Amino acid sequence: LERIPILTRRESKHHCKSLCRESGRNVIMLEKEVIIDGRDHLLGRLASVVAKELLAGQKVVIVRCDQMVVSGSMVRNRVKYQYFRQKRMNTNPSRGPFHFKSPGRMVWRTIRGMIPHKTARGAEALSRLSTFEGIPHPYDKKKRQVVPAALRILRLKPGRDYTVMGDLAHSVGWKHRDLLKTLEEKRKVKADAFYQKKKARSELKAKAEAAVAGDVSAQNKVLESSGY
């Protein structure tokens, strides 16, 4: 999997200002859409990277938010979330703040806290973010990326406790964990069948290229001399 460029603290501070000049205009190089596989990523570290990308103008989609993790044991995180859910408006709690139970919305709210979402620039940045539990269509057939700077296996000390977002959400009232598990099992069966077909096509292509390698050697030399 390809990686999103991870900047140092000093570089990320000036990331939004690092524009390349082209034809007298300021142009920033962005991809059409970045799809991040959130599995086994630390929530806060991934959220900070995504927030910077959104403010720079990049559209980001995060899938498998239910398999993201937060450091600390389940008991500790449940207590913290219980205190968080008690924060409300005394006179009219229906006005907020609102506490989401699904992992996708938990991730969305975390990233929102790292963006000036009450300004026009921040609202535009937040509109470029999408979060999902599992991998729904059409993202199941698109290339997904990881962010090494946020991977638990690289950033959390071995032996430390951590909590999976799906389990935490289920413990506070999220009701779709079993349904999502069924849908993911079906998706993995289809993905495996697709991969086997792709693998077979690649093997046939390699055999065909090897079979005609001697016949097209002259043409290949000409192409190589031209830089192909």
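Helices (H or I, at least four residues) and strands (E, at least two) are taken here as DSSP runs, numbered from the N terminus. The model is predicted, with local features requiring pLDDT of at least 70, side-chain atom pairs counting only at pLDDT 80 or more, and totals for chains, interfaces and linings using all residues. Residues are numbered from 1 along each chain as its sequence is written, and side-chain values use heavy atoms, leaving out hydrogens and water.

Helix H4 (residues 103-112) has Pro103, Gly104, Met106, Val107, Trp108 and Ile111 as its buried residues, where buried means under 20% relative accessible area (1.4 Å probe, protein chains only). Among the partners these residues pack against are helix H2 (43-55), helix H3 (74-85) and helix H7 (165-171); contact means heavy atoms within 4.5 Å.

H4 also turns up in the second largest pocket, as strand S5 (69-71), H3, H4 and H7 each supply at least two residues of its lining. A pocket is an open set of points on a 1 Å grid over the protein atoms alone, where a 1.4 Å probe fits, with protein on both sides within 12 Å along at least five of seven lines; lining residues have an atom within 4 Å of a point. The largest pocket is lined by 17 residues, with Ile135, Asp140, Arg187, Lys190 and Ala191 nearest its centre. In the second largest pocket, 15 residues form the lining, and Leu43, Val70, Tyr81, Thr110 and Leu168 are the closest to its centre.

Helix H5 holds Ala125, which counts as buried because its relative accessibility is 0%. Beyond its neighbours within four places in sequence, Ala125 is in contact with Leu54, Leu55 and Ile115.

How values were computed. Buried means under 20% relative accessible area, exposed over 50%, partly exposed in between (1.4 Å probe, protein chains only).
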